[in-house]
Amino acid sequence: MIETAPAPLSGGPVRGRLPGALRLLAPFLIALGAGAVVLWATGRDAFAVYGQLADAALGGGTQIADTLAATTPILFTGIATALAFRAGAFNVGVEGSLYVGAFAAAWTGFSFPHLPGAPLLALAALLAALAGAAWALLPALARAWLDVSEVVTTLMLNYVAILLTSYLVNDHFLARGVANSMSPMIAPQARLPPLLPGSQLSAALLLGLLLLAGYWFLFSRSTLGFELRLVGLAPRLARASGVDLRRSLVIAMLASGLVGGWAGGFQVLGVIHRFVDGFSPGYGFTGIAVAILGRNHPLGILAGALFFGILTSGGGMVQLVSSIPIDLVNVVQGTLMVFAVADLGRLGWLRRWAGRA
Amino acid sequence: MPDALQAVLAAAAPASASILLAAMGGAVNRQGGIVNVGLEAKMLVGAFVAVICGAATSSSALGALAAAAAGALVGSAFSLVVTRLGANEIVAGLGLNLAAVGLFGYLLPVVFGVSATLSPPGLVGLPLLRIPLLDAVPFLGPVLSGHDPLTYVSWMVVPLTWLLLYRTTWGVSLRATGADEEAARAAGIRTLLLRDLSTAWAGALAGLAGAQLSLGLVQLFNKQMTGGRGFIALAAFYFGDARPGLTALAALVFGVFEAASFRLQGGELAPQLVQMLPYLAVVASLLVVGARRRRLRRRRELTPEPGR
């Protein structure tokens, strides 16, 4: 009953293809359209709201810095997800790695206040990476050796991670004088330096871009990356060429979890400076959308992360200014996820229309 | 101790009803070959529609029916994207959940002027039914009797699901579709239509599950009221390998965990640790099944086939 093969992102034969640009843009248009329908149905001017949103996200130095700050965790989770996807591992557990990574970084930051900045930061980053990778270990081994689909195990372990960190912070590491859900602040020297004072932007963005460059190098210049891609694209061919499928799968899953751990860890070290119960608005799931929309390509991932960064930071400002709940952003993102994996080329009428236009 | 146990079990019956309903729908869906990650969204839609229609008509029964219809509608739309546009059901399901959470988070303040909780005037909850003879049985009486009608419906859905899957041509065709779609299609089964119907059915049951939450357990709608129950339902039908009996058992056990974790609030054992159990149980069961399969495969490879 339980499926063992990795789930393809878009099943079945490709029956027809839309022109490239439309294929890339259609999910965005549909998703923004869905948001617009909701706005119009409730008596708001959708164009005005989207205009406000873009202005709030990009209309000035501080705004752009805050948008880049909102982009940072999504960039990490996008890279994390794409690392697994490229090797054919369907890791939907980056959210779980993010939580345990965030907790590990926060714990390091408030437990060793006497360490100087550099070693403390390095230790926090190391433990966040280890925690994130550890969270992906069991699903990786289960898929490689027992043929157990990683989809369900990673999905389930997300909730375990959220509940486990909630338990840890509430029952063992509560900040003094706080009723619930917050750990103590990390030591001041454990904070990543801010890039633009007055905004939330920290050096975590630079680390994310560095990581993206590493991701590019891995998959376009290194043997390991080539092998991982081969495993994802054509496992039989990979095996016939002497690639160890199990090893590749485990490496890709662990790397994915590791980067997921950093996603949470650097969010703590750079922005929130403590662990907060349930702090993530679904960064890990947004990473799935980013990896799919960006087709696992480095520039695609960056563009996707920026898109969601703009939505999040602009949406937050619009909520403050014109009392339009930021939840609207979730409608857009959810619709985007649905249509990112839908093969619209199967709609004959759309194909004909696109062919004429 | 018996009193505490009785109290937990009596609370577990309504607490597990929504998980049971959604899990039975998910099991049927799974047997047809679709892993329904979007149950959470359909429950939330059901909970909302039940409150709106229940208040508008002053009838909890009509509210529940409308919830089932709305769930089926959302389920069908979701299904079409998966079956006709080849969308990955996991990503699409996660997207649907996110869109639903966003939609209600937006609508509650903008349209209804409340931040998170909606309880319109004139809303009547589901009645609590006492079953005459059962009521008098010691210990079991309060456990089995005195619940809302949808809790009883959730129990009846279990044998109904079994009949549907194993004693109707529809069920056999659906399972054939899930087992081998190409073979089923070659045999003349309209596999895509069957899958759509199974997703609509799962949506209807998830909608009812939502109504049980917003009209049965409490009489209001809250944007976070499903609280991951759709995923616990997913855990239940994965644990039960999509078989009705085992799935129902898992859903009921998870319901007991849920009821117990409420009572643990402020106690010595942290509720989070209990709430983890369903998810851990699924991972453990998948590992056990995987290990067993591997052993069987090994044995088959080692022993020569008979007759050779």
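Analyst: The expected span of a helix is 1.5 Å times one less than its number of residues; helices are DSSP runs of H or I with at least four residues, and strands runs of E with at least two, numbered from the N terminus. The model is predicted, so local features need pLDDT of at least 70 and side-chain atom pairs 80 or more, while totals for chains, interfaces and linings use all residues. Residues are numbered from 1 along each chain as its sequence is written, with chains lettered from A and ligands numbered from 1 in the order written.

B:Gly113 follows α4(B), with a positive phi near 70°.

Between the chains, 47 residues of chain A are in contact (C-beta atoms, placed from the backbone, within 7 Å) with 44 residues of chain B. On the chain A side, α6(A) gives the most, 12 residues.

Within chain A, the domain assignment, automatic or from a database, gives domain 1 (18–44 + 325–344) and domain 2 (61–323). Their centres, taken over C-alpha atoms, are separated by 25 Å. In contact are 11 residues of domain 1 of chain A and 10 of domain 2 of chain A. To the domain 1 side, α13(A) gives the most, with 7 residues.

Key. Two residues are in contact if their C-beta atoms, placed from the backbone, lie within 7 Å.
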